[in-house]
Amino acid sequence: MSQHATVQKQLAAREKKTYWTRRRREQLAGWLFIAPEVIGMLVLAVFPLIFSLGLSLTEWNLVGGLSAIKFIGLDNFAELFRDDRFLQALKNNIGFTVGTVPVTMLLGVVFAAIIHKKLYFKNYFKVAFFVPYICSTVAIAAVWSALYHPSKGPLNQLLIQLGASDPPRWLVDTSWSLVAIMVIYIWQLLGYQIIIFMAGMTNIPDELYEAATIDGATGIQQFRRITLPLLGPTTFFLAITSIISSFKVFDMIKFLTNGGPNYSSTVIVYQIYEEGFQHFRMGYASAMSWILFLIIMLVTSLTWITQSRKVHY
């Protein structure tokens with residue numbers, strides 16, 4: 001009996017050891033599978049983030065190499081708010097966001113509702129609106145650059161035919177350059193907004209519209225009382241992504257205006273590029289990057305809090 005019990009204990013200990021060995025192997029396999037993603041995130045996201053924070057506290061000319069790094073504390077941040085060009089870029093960026101995000105979302109939800117309820121060939125219109133979003137921004141900018149040509153562009157030719165004696169010079173006019181880019185940006189992003197809003201509308205039960213129709217609600221009343229409230233999560237998602245995207249706009253401005261004329265279309269990301277890779281002031285550019293990060297985080301947080309309160313009430 002004693003020998004049998006000893007054998008049982010040895011078998012139990014061996015099974016337990018085998019279980020923990022197998023579990024460790026499974027855990028190791030899991031870590032090996034996610035290791036490339038974790039390493040990539042650390043190398044391409046976390047390290048640059050921490051490094052840029054350190055750089056923002058330094059004065060560093062990129063041409064001088066790492067030995068040229070000089071710690072200066074918060075001087076870069078203090079200089080930012082005395083820099084007229086940065087303040088102009090910040091003003092332009094805020095104007096760009098305010099001018100594009102609400103307009104794009106408003107047009108997106110209206111067109112989505114019309115296509116979803118009123119039009120045949122829905123798939124055709126989905127593709128037609130979505131194509132600009134997936135096209136190369138440089139290609140789109142090249143086409144619009146031709147359309148915006150001050151003297152030979154079709155747009156100004158049309159305005160002249162309609163009686164305009166002095167049409168806008170668009171991309172070469174300090175008063176119109178940013179507006180012209182905003183129009184292109186809205187046109188390019190509209191298709192994405194329409195597709196996402198239509199996806200949200202497909203999740204709204206048809207029974208709600210049928211009941212509203214029986215009660216005598218018009219199409220506009222149904223849109224205001226049913227569609228818009230139930231699109232809350234979709235609207236919130238698009239608001240967050242659109243705000244972030246509007247603060248990151250760069251390639252269109254780089255191709256069309258290079259931030260000009262007279263810095264009238266310069267935004268923060270373009271200013272970061274200019275300071276970092278044309279003037280080689282990496283510390284100053286890093287400080288700008290962190291200001292941009294804080295602005296986006298603040299706006300996103302306020303949007304999130306506002307949405308949370310609406311859901312709560």
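Helix 4 (residues 122-134) packs against helix 7 with the axes 6 Å apart and an angle of about 130°. Helices here are DSSP runs of H or I with at least four residues, numbered from the N terminus, and strands are runs of E with at least two. Axes are lines fitted to C-alpha atoms, for helices over the stretch in contact, and angles run from 0 to 180 degrees between N-to-C directions. The angle makes helix 4 and helix 7 oblique to each other. Angles under 35 degrees count as roughly parallel, over 145 as roughly antiparallel, 65 to 115 as roughly perpendicular, and the rest as oblique.

This is a predicted model; local features need pLDDT of at least 70, side-chain atom pairs count only at pLDDT 80 or more, and totals for chains, interfaces and linings use all residues. Residues are numbered from 1 along each chain as its sequence is written, and side-chain values use heavy atoms, with hydrogens and water left out.

Back to helix 4 and helix 7. Their crossing is left-handed. A crossing is left-handed if the near helix is turned anticlockwise from the far one by less than a right angle, and right-handed if clockwise. Helix 4 brings Lys126, Phe129, Phe130, Pro132 and Tyr133 to the contact, and helix 7 answers with residues including Trp187, Leu190 and Met198. Contact means heavy atoms within 4.5 Å. By class, eleven of these contact residues are nonpolar, two are polar and one is charged. Ala, Val, Leu, Ile, Met, Phe, Trp, Tyr, Cys and Pro count as nonpolar; Asp, Glu, Lys and Arg count as charged; the others, Gly among them, count as polar.

Helix 7 (residues 177-201) also packs with helix 10 (residues 232-247). Their axes lie 10 Å apart, at an angle of about 160°. Helix 7 and helix 10 are therefore roughly antiparallel. Their crossing is right-handed. On helix 7, Tyr185, Tyr192 and Phe197 are among the residues that meet helix 10, whose side includes Phe237, Leu238 and Ser245. The residues of this contact are seven nonpolar, seven polar and no charged.

Helix 10 has another partner, helix 3 (residues 84-118). Their axes come within 9 Å and cross at roughly 150°. This crossing is right-handed. Among the residues that make the contact are Asn93, Phe96 and Met105 of helix 3, with Ala239, Ile243 and Phe247 of helix 10. Here seven residues are nonpolar, six are polar and none is charged.

Now follow the chain past helix 10. The loop between helix 11 (251-256) and helix 12 (268-277) holds Pro261. A cis peptide bond joins Gly260 to Pro261, with omega about -10°. Asn258 sits in the loop between helix 11 and helix 12 too. Asn258 is not a glycine, yet its phi is positive, about 55°. Most residues other than glycine have a negative phi, and most peptide bonds are trans.

Next, the whole chain. The domain assignment gives domain 1 (20-72) and domain 2 (76-309). These bounds come from an automatic or database assignment. The domain centres, taken over C-alpha atoms, are 32 Å apart. Twelve residues of domain 1 touch ten residues of domain 2.

UniProt, in an unreviewed entry, places "domain: ABC transmembrane type-1" at residues 90-303. UniProt positions follow the numbering used here, feature names are shortened, and annotations may be inferred rather than shown by experiment. Residues 90-303 are 75% helix and 0% strand, with end C-alpha atoms 20 Å apart. The unreviewed entry also lists "transmembrane region" at residues including 28-51 and 127-147. Residues 28-51 are 100% helix, and their end C-alpha atoms are 30 Å apart. Residues 127-147 are 90% helix, with end C-alpha atoms 23 Å apart.
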